[in-house]
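Please find below a colleague's note for someone who is new to this entry. The points are meant to be read beside the sequence and the model.

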Amino acid sequence: MNDALKIFKIGGGIIDEPAQLRVFLRELSRVPGPKVLVHGGGKGASDMLRALGIAPQLVDGRRITDAATLDIVTMFYAGKTNKQIVAGLQREGVNALGLSGADGNLIRAQKRPVTEVDYGFVGDLTEAGINTGLLRQLLGAGLLPVCCAITHDGQGQLLNTNADTIASTLARALAPHYRVALHYCFEKDGVLLDVNDPASVLPRLTPGQYQELKASGAIAAGMLPKLDNAFAALAAGVEQVVIENALNINETTKTVLCPS
Ligand SMILES: Nc1ncnc2c1ncn2[C@@H]1O[C@H](COP(=O)(O)OP(=O)(O)O)[C@@H](O)[C@H]1O
Ligand SMILES: CC(=O)N[C@@H](CCC(=O)OP(=O)(O)O)C(=O)O
C-alpha cells in the first residue's frame, strides 16, 4: 500500500496577514507525515502592482500577466513570499525547501494559447509536466517542498500559474505514488451555504450539489475555480479533498468533497 501524503494550499488572504500565516505554519508543523505546501499570494501581488503604478487585471480569477507583471509577480511569489514561508517553517523546526517550477524542473507548463483573452505569460499545466521523481526524492529526504505560483516552459520562459491549479495538478500527478489528501486552506471554515454566515459550513459537497449551488449563486467568485480544481483532483484518483480554515487545519470543521 502507498504511503500517505498531504498537500496543503494557502492563498493571498492568509499570506497577507502575518499573524494568521504564523498560526497556519505552526499548525502545519504539527501535522504528522510527509507534506507539500503550495502557496499563492495574489492579493499581495495586486497591492504591489498598484504600488508600482500597474493596474492588476484579472479575468475569471486568472491574472493577465504582461512582461512587467511577470517580473513583479516572480519577485513577489518566488522571492519574498516563498522565502518568508520557508523561514516561517524553519522557525517551527520544519526543514522546508522553497521551489519555483523552474527549480529542479519541478513544474513545466505551456503558455496559455491566445483565444478571446490574451492572458500573456500564464502557464497551463498537465500532470506530465510535474517532476514527481524530484518530489519523491525530496519527501524521502524528509524535506517539506514549498511550491510557489511560478512555472517555466523549458525554453527559458517563466510563466505565472494559478496556485489552486498547481495544487490540484501536483495532487493528481502524485496520486499513483501516494494516498494523497489535498487540503485547500483559506480564511473561512469551508464551503458555506450562505457566504455571509460563517456557521453555514457544508460538511460534504457532491458535484451535483456544487452545480446547484453555483447556479443559485450561493457559491461564487474565487470559490468556483477552487472547487473546479478540487473536484478534478477527486475525479483523478486523489483520495481526499477538503476545503478548510487555514487557522484550524487540525480541527474537524471543514468541507469534504464527495464523488457522488
Ligand atoms: N459559498 C462560499 N463559501 C465560501 N467562500 C465563498 C463562497 N462563495 C464565494 N466565496 C468566496 O471565495 C473566496 C475564496 O476564494 P479565493 O479568494 O480565490 O481564495 P484564495 O485566495 O485562498 O485562493 C472566499 O474568500 C469567499 O469570499
Ligand atoms: C495566472 C494567475 O492567476 N496566477 C495567480 C498566482 C497566485 C495565486 O494563485 O494566488 P492566490 O492563491 O492567492 O489566489 C495570480 O497571479 O494571482
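1. G41 sits in the loop between β2 (35–39) and α3 (42–51), where helices (H or I, at least four residues) and strands (E, at least two) are DSSP runs numbered from the N terminus.

2. This is a predicted model, in which local features need pLDDT of at least 70 and side-chain atom pairs count only at pLDDT 80 or more, while totals for chains, interfaces and linings use all residues. Residues are numbered from 1 along each chain as its sequence is written, and chains are lettered from A and ligands numbered from 1 in the order in which they are written.

3. Leaving aside neighbours within four places in sequence, G41 is in contact (C-beta atoms, placed from the backbone, within 7 Å) with G12, I15, F76, Y77 and T81. G42, found in helix α3, is likewise buried, with 25 other C-beta atoms within 10 Å, and on the same terms of sequence separation G42 touches G11, G12 and R63.

4. An unreviewed UniProt entry lists G41, G42, R63 and N160 under "binding site"; such annotations may be inferred rather than shown by experiment, and their positions follow the numbering used here, with feature names shortened. Although these residues are spread over 120 residues of sequence, they cluster in space, the largest C-alpha distance being 11.8 Å.

Notes. Two residues are in contact if their C-beta atoms, placed from the backbone, lie within 7 Å. A residue is buried if 20 or more other C-beta atoms lie within 10 Å of its own, exposed if 12 or fewer, and partly exposed in between; C-beta atoms are placed from the backbone.
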